[in-house]
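Dear colleague,

Please find the structure below, handed over for your records. My findings follow directly after it.

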Amino acid sequence: GTGSDFSNLLDRTQNSDEKAIADDQSKLDSDMAALKNRYLTQFTAMQNILNATKSDQSSLTNMMSSWSAGLKA
């Protein structure tokens with residue numbers, strides 16, 4: 001009868017809603033993983049630039065020290 005039709009409709013609607021929520025959750029998880037990877041890549045690139053700059057600074061300091069010592073000799 002109509003009661004069971006209504007019950008079936010409610011079940012279908014609930015199943016459809018649950019699937020939509022699960023799909024949204026999957027998409028959100030995927031988006032967050034992509035964002036995390038992007039930030040990790042950017043951070044690593046920044047870290048590499050920083051390390052290279054420190055290395056250049058150290059080399060320049062050593063060169064200037066040697067040059068200064070050479071002037072005094």
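Asp 31 and Lys 27 both belong to helix H1, where 4 residues, about one turn of the helix, separate them. Please note that the model is predicted. The side chains of this pair, Asp 31 and Lys 27, form a salt bridge with an N to O distance of 3.0 Å. Lys 27 counts as exposed because its relative accessible area is 51%, and the cut-off for that class is over 50%. Asp 31, with a relative accessible area of 39%, is partly exposed.

The search of the whole structure returned 2 salt bridges. Another salt bridge joins the side chains of Lys 19 and Asp 23, at 3.1 Å from N to O. Lys 19 and Asp 23 are likewise placed in helix H1, 4 residues apart, which is about one turn of the helix. Lys 19 has 53% relative accessibility and therefore counts as exposed, while Asp 23, at 40%, counts as partly exposed.

Leu 60, Met 63, Met 64, Trp 67 and Leu 71 make up a nonpolar patch on the surface, and their accessible area together is about 560 Å². One of these residues, Leu 71, lies in helix H1, which covers residues 2–72. Leu 71 counts as exposed because its relative accessibility is 58%.

Yours sincerely

Notes. Residues numbered from 1 in each chain as written. Predicted model: local features only at pLDDT ≥ 70, side-chain atom pairs only at ≥ 80, totals over all residues. Heavy atoms only, no water. Patch = residues over 30% accessible without salt bridge, like charges linked within 9 Å, V, L, I, M, F, W, Y side chains within 5 Å. Areas by Shrake-Rupley, 256 points an atom, 1.4 Å probe, with all protein chains shown as cover. Salt bridge = Lys/Arg side-chain N within 4 Å of Asp/Glu carboxyl O. Helix = DSSP H or I, 4+ residues; strand = E, 2+ residues; numbered from the N terminus. Buried < 20%, exposed > 50% of the residue type's maximum accessible area, 1.4 Å probe, protein only.
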